[in-house]
Amino acid sequence: MSTSKTKNSAQASAKHNAEDFLRMYRQMVRIRTFEDNANQLYLSAKMPGLTHMYSGEEAVAVGICEALRVTDKITSTHRGHGHCVAKGAEFKEMFCELLGKEEGYCRGKGGSMHIADQSNGNLGANAIVGGSMGIATGAAFTAKLLGKDDVTVCFFGDGATAQGLMYEVMNMAALWNLPIIYACENNGYSEYTKTAEIAAGSITGRAEAFGIEAHTVDGQDVLAVNSLTEQLVERCRKGEGPFFMELMTYRYHGHHVGDINREYYRSKDEEKDWRENKDPITQFARHLTSEGIATEEELEAMQAEIKADATAAVEYALKAKYPDASEVDMHVYAA
Amino acid sequence: MREITLSQAVNEALAEEMRRDETVFIIGEDVAEAGTPFKVLSGLVEEFGTARVVDTPIAEPGFMGIAVGAAMTGSRPVVDLMFGDFIFLIMDQLCNQAAKTHYMSGGKLSVPLVLRTNLGATRRSAAQHSQSLHALVAHIPGLKVALPSSAYEAKGLMKTAIRDNNPVVIFEDKLMYQEKAGVPDEEYLIPFGVANVKREGTDITLIATSSMVQVAEKAAEILAAEGISAEVIDPRTIVPLDEAALIKSVKKTSRAIVIDEGHQSYGVTSEIASRLNEKAFYHLDAPVLRMGAMDVPVPFSPALEDLTVPTPEGVAANARKLVAGEMLDGEMIHAA
Amino acid sequence: MPHDVIMPALGMAQDTGLIVSWLKKPGDAVKTGDALMEVETDKAVMEVEALADGFLAAVSAEAGDHVPVGQVVAVIAETADAASTAVPASNSGAAEPDEALAARGDTSSDTLPSGAEIIMPALGMAQDTGLIVAWRKQPGDPVAASDVLLEVETDKSVMEVEAGHDGFVAAILADAQQAVPVGSVIAIISAEKPENAVARSHKSAPADDGEASGNAVAKAPPIAAEKPRTAGVPASGGRILASPKTRRLAMEKGLDLNLLVENGVPQPYHVSDLKLLETLTPSDKTAGAIPAPASAGSLPMHIGARIAASGCDEFIAWLAEDGDIRLEPRLIWLRFAAAAFREAAGLGDMPLIVETRTVRKTDGRFADADRSRLSKPLSDAGDELPSIVLRDLSGSPITAATGSAPDAPVLTVCREREDYAVSLDYRAGQLDEDQAIEFVTGFVDRLGEPLRHLL
């Protein structure tokens, strides 16, 4: 199977109009802003539990989700806020969920690691590493069984490639030509360990062993991610799935918000290099201004507007109601 | 009424529900042409095709995971797990994913799937193909657990399970597949959480599940010959449990033995005995007795295996002691 | 609005952070992302970045200070001018003082002096509250940032909490020896000497009003403590092995299991032994027969009482008019009798059957009459044996009656002009004297003031 490197190209640009570009930019900034606020909520001891930051990986979620329809499904991970925003979720319900409030997406019963937003096709984040691979493959199975042209994207990290479930379900997806894209966000670290120390051989080679077409793409380049995903989604709808994407990216924060002392597994210079030279938002902003799609002032205005949105949502969530005690045994069973 | 085997009853239930609802499909190892090693599914692939009777590789966590995702997105999978012992392989998908999705999503997502599997020792299959593990899943909130005790129950409970919007685990006793019982021609459902009084009595209540219902019925025969009147109750589902019916019976008889083929410690028998103790204490004239499988891995040798599960003679002997008001020293009798 | 610079929670088990150095000075212009200070936590030193553009101001902790996580250590003001007067945003309170307070668990609506808020710090891993051991400063006292303001006990250790700000103690919002949820505001330090320094106890906020710290309220609601129950069997001597059902039936029938022991019947006892016990108990089944004096368990006992009928009469009239509930007075007395007996005999949640009788006949048997609402029908107890009998002679000319109470204590109510005459007949084996007196007292109290006991 071929492994292709898709680059941010004039061809990709040609497919999009300014509106699409600006929406992708907006969604990436929304994710970054959401995470900055979530991080602050944790640091200032206002948020119960802990959380895993998506900052740095925005181009992956946005590039992929912008190629999907509302009815297409995704499954997400413990580092899932980015996927959730990219698939169409609102700040207010997300912050409420993070704070365990009644108006949260899951009425405060899921929290940061379990946000699900089925109205936008998000089947939920999963706190078991690799735990959603079966669910994603099952969603693709439903599409095939019921003759729908929905596509499912299964987000997971490089760490999850060590789980046996992945091999079982990729095997079946390939046997049955299911409309699913396995999207491996390779951020270089499996919790507190370098990927090279937990993964033997090549990541894409794992999928190729099952005869699944696999691609490696620059996960900091939103246009490259989007363009590749659009092609694969289209082919999935025609029954050519499954596919596998390895998206090379980076998480700016530690494994979780409390993982601050991390020099034993990665250097500050490395983090600085990614932030300064490979930031997906900065890079895309440069592209937008150089192509004349937006001015710096316009982008700054957009950022300020999103910041204000987030601040308002955080304030709302902090004051929002906790679920009533009577909810504690509600939703154990469906009616 | 016509008599059919438990195996045929399950087959009929699946066929009827698959005809009624095109989102129902079967997934598992050798479910299609092979019809499973117990031949329960024979003929279904001919009617419904391989798209809905789906053979999988030998990958229990994988196909269980796929079923969970399919159930969350509009399908109604019936997962065929060849042996109940393999439930250990799928625990994450069943207990961390399927059982919790509805709750964790605040009621937005649901997982209407059926996991068909089996229980029961004395098939000379040794410790990894003989376990009765229903208590393990009954411990997890979000799962329902049904234990059919005859062909009649097997059909009615299966049809209810497929229509339920929750993950339901049905354990069939693999020794009972060829046993016949009266099953009506016309369609029927058996609601969950409704116990069945199999035999009325006044001196002692025998609460039994799955194939232990037959053991209890035989024990009741033995006791009747001695002038002891035993009531036999089959809860049919242990989650939800028809607690009220069990308590009512025990209030009437003042004595109870709970019989179940799972291991005795921390098991179904303990749970039911405990509830009777809490809610019928002032009506008890004797301690509630548990009779489960011995707390040993199921041995292969027939000479040993038969010692591990409750027998009619063992149940009758214990009932006799309770009715006579003898002090019990805590030693359980598994076989006479 | 200025942005607070907060001592961050960085490590998994971190309570405080040490400020190693400030990288900006008050008044310096800062941009988002600029490193403001170096903080040491969990043996690692890291830089804390600015989260807003502006000017550093109101720096309240110095290099070398250990600052509790979550505490404001500086603010970033929007303009250089504002920097000179800036106070932490969470303290400024001008826009929404009530909300700011509510968000920290203080729902009082009276205004508090403005100034820096001192928060009950989160010190231990599993700590929800901190106990204030003592205040070292009083309202109105001047304080320096490094002065010890109070002592807090958490996780079995006592630590001193410094004021953290120069100024005056403008308010103390929790008492010494009070346990206060982590994150609550417990004091305010103002820059100027306050005119009226405030001192009061901490008031907890209801769980649903959006308290700031999610961890602090993530606990289950408290469950009302159950009162300890005494055993349900009145008057039994020694420890007897008997089934629960045997004990219950013996109590209901007024049988004494001791008699089985005395007669050498082997234990444990079951229901089947009660038949024998009934023959052993010298009971007089024929009404009016002279009781046998043999056993103390069978001695007839009598207690009489009198109470004005007006309370009960008014209550029944009120029920009919205001509540549209029309009941035989007997059905109200039944509830009173059950409640008083349950209390006196220490029955707890055990089932309690009361039989009612009128002049000529047995009226009915009711289970747990004290547990059903007036507007709801009583549950018929069928053939179950009663624990007590309520005899209503109020409609008859009889004004006093003493009976033999062969099966269960009999409570008789007679009407005598403006009074009710109440009497209890029982046998020594059925109740002990204290229980009997408590029972009659409890019943008469209820009869005198029905509303107080029902509502």
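In chain B of this predicted model, buried residues make up 57% of the 336 residues; a residue counts as buried if 20 or more other C-beta atoms lie within 10 Å of its own, as exposed if 12 or fewer do, and as partly exposed in between, with C-beta atoms placed from the backbone. Residues are numbered from 1 along each chain as its sequence is written, and chains are lettered from A and ligands numbered from 1 in the order in which they are written. Because the model is predicted, local features need pLDDT of at least 70 and side-chain atom pairs count only at pLDDT 80 or more, whereas totals for chains, interfaces and linings use all residues. The mean pLDDT of chain B (pLDDT being the predictor's confidence in each residue, from 0 to 100) is 95, and 97% of its residues reach 70 or more. Over residues 332-336 of chain B the pLDDT is below 50, and this stretch has 19 contacts in the model beyond near neighbours in sequence; two residues are in contact if their C-beta atoms, placed from the backbone, lie within 7 Å.

The secondary structure of chain B comprises 11 helices and 14 strands, where helices (H or I, at least four residues) and strands (E, at least two) are DSSP runs numbered from the N terminus. Chain A contains 13 helices and eight strands, and chain C has 11 helices and 24 strands. Of the 335 residues of chain A, 57% are buried; in chain C, the buried residues amount to 41% of 455. Among contacts in chain B between residues at least 6 apart in sequence, 78% join residues at least 24 apart. The corresponding share in chain C is 60%.

Between chains B and A, 37 residues of chain B are in contact with 33 residues of chain A. Helix H3 (60-72) and helix H4 (91-104) of chain B each supply at least two residues of the side that touches chain A. The largest share of that side, 11 residues, comes from H3(B). By class, the side of chain B that touches chain A has 16 nonpolar, 19 polar and two charged residues; here Ala, Val, Leu, Ile, Met, Phe, Trp, Tyr, Cys and Pro count as nonpolar, Asp, Glu, Lys and Arg as charged, and the others, Gly among them, as polar.

Strand S14 (residues 289-293) of chain B has five of its five residues buried, so this strand is largely enclosed by the rest of the structure. Strand S13 (residues 256-263) of chain B pairs with S14(B) in the parallel sense over four bridges, pairing requiring at least two DSSP bridges between two strands. Within this pair, Ile257(B) stands opposite Leu289(B). The chain passes from S13(B) through helix H9 (residues 268-280) of chain B to S14(B) in a right-handed β-α-β crossover, that is, with the strands pointing away from the viewer, the path from the first strand over the helix to the second runs clockwise.

The buried residues of H5(A) include Lys92(A), Glu93(A) and Glu97(A). Their cover includes H2, helix H4 (81-86) and helix H13 (296-319) of chain A. H5(A) is followed by Gly100(A), whose phi is positive, near 75°.

Several backbone features lie in loops. The peptide bond from Gly241(A) to Pro242(A) is cis, with omega near -5°, and Pro242(A) is placed between helix H10 (222-237) and strand S8 (243-248) of chain A. A cis peptide bond also joins Val239(B) and Pro240(B), with omega about 0°. Ala45(A), although not a glycine, has a positive phi of about 60°; this residue is buried, with 25 other C-beta atoms within 10 Å. Arg124(B) likewise has a positive phi, near 60°, but is partly exposed, with 14 other C-beta atoms within 10 Å.
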